[in-house]
Amino acid sequence: LLLGHRRGVLRRVLGWSQHWPGPLRRGLERRREALLAIDAQVAHFSQSTPRRFWEALGFEYASRWALAFEYFLILVSLGQHLGYLRAFAITGLESLITTVLFFFPYEIGTKEGGLYLLCRAFGIPGQFGIYAALVSRARDLAWIGLGLLLVWTGRNLPAGERAVEHA
């Protein structure tokens, strides 16, 4: 997968899409130019600034491990001792589900439904997956609220006291 970033992995996927079912293939074909442009940008980024590419990739994987730890803690608090690697697998598959169903705004229902199905697949009652998704959404809303509060209070500061000056 990492080598695919350097060589343009989406170009190959779009080539394989000729054998996929009609609606999925047509949806990809409509976005072909945009997808190829993104693919070229990622390939250029990984080749022109490899250090920054690896740093960005490292932060991405660190965030995935942290999210897996969140789900692990939520499910353990409910008495489900699933193990950290299983929580990581659930996190990765849930991310895949929400990525495939990207057209739902703010992942409405896809996160809950995905975690419901994944928890059942891993031998955990499905309602715990819905609970984990709701707790995760509550955390999202808390951070969004904090960010909005900081923006709101930052706007009231005199220009010389702001942390970041606009050029």
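Axes here are lines fitted to C-alpha atoms, for helices over the stretch in contact, and the angles run from 0 to 180 degrees between N-to-C directions. This is a predicted model, in which local features need pLDDT of at least 70, side-chain atom pairs count only at pLDDT 80 or more, and totals for chains, interfaces and linings use all residues. Residues are numbered from 1 along each chain as its sequence is written, and side-chain values use heavy atoms, with hydrogens and water left out.

View 1. Helices (H or I, at least four residues) and strands (E, at least two) are DSSP runs, numbered from the N terminus. Reading along the sequence gives you α-α-α-α-α-α-α-α. Of the 167 residues, 25% count as buried; buried means under 20% relative accessible area, exposed means over 50%, and partly exposed is in between (1.4 Å probe, protein chains only). Take the contacts (heavy atoms within 4.5 Å) between residues at least 6 apart in sequence: 50% of them join residues at least 24 apart.

**View 2. Here α6 packs on α7 at an angle of about 140 degrees.** Their axes are 9 Å apart. The two helices are therefore oblique to each other: under 35 degrees counts as roughly parallel, over 145 as roughly antiparallel, 65 to 115 as roughly perpendicular, and the rest as oblique. α6 passes α7 in a right-handed crossing. A crossing is right-handed if the near helix is turned clockwise from the far one by less than a right angle, and left-handed if anticlockwise. On the α6 side look for I90, L93, E94, I97 and T98, which meet T110, K111, G114, L115 and L118 of α7. Sorted by class, this contact has five nonpolar, three polar and two charged residues. For the sorting, Ala, Val, Leu, Ile, Met, Phe, Trp, Tyr, Cys and Pro count as nonpolar, Asp, Glu, Lys and Arg as charged, and the others, Gly among them, as polar.

**View 3. Zoom in on I97, which lies in helix α6.** I97 is partly exposed, with a relative accessible area of 26%. Leaving aside its neighbours within four places in sequence, I97 is in contact with T110, G114 and L118. The C-alpha atoms of I97 and L115 are separated by 9.2 Å, and these residues are 18 apart along the chain.

**View 4. Now for α5 (residues 50-77) and α8 (residues 126-155), whose axes come within 10 Å.** They cross at roughly 125 degrees. That makes α5 oblique to α8. The crossing of α5 past α8 is right-handed. L67, E70, Y71, I74 and L75 of α5 meet F128, Y131, A132, V135, S136 and R139 of α8. By class, that contact has eight nonpolar, one polar and two charged residues.

**View 5. This is the largest nonpolar core, with 13 residues.** Such a core is a set of buried Ala, Val, Leu, Ile, Met, Phe, Trp, Tyr and Cys residues joined through side-chain atoms within 4.5 Å. Y71, L75, L82, I90, L115 and I124 have the most contacts inside it. α5, α6 (84-100), α7 (110-121) and α8 each supply at least two residues of this core. Setting aside neighbours within four places in sequence, L82 is in contact with F72, L75, A87, I90 and I124.

**View 6. Y106 sits in the loop between α6 and α7.** Its phi is near 50 degrees, a positive value in a residue other than glycine. Y106 is partly exposed, with a relative accessible area of 45%. E107 is found in the loop between α6 and α7, and has a positive phi of about 55 degrees although it is not a glycine. E107 is partly exposed, at 30% relative accessible area.
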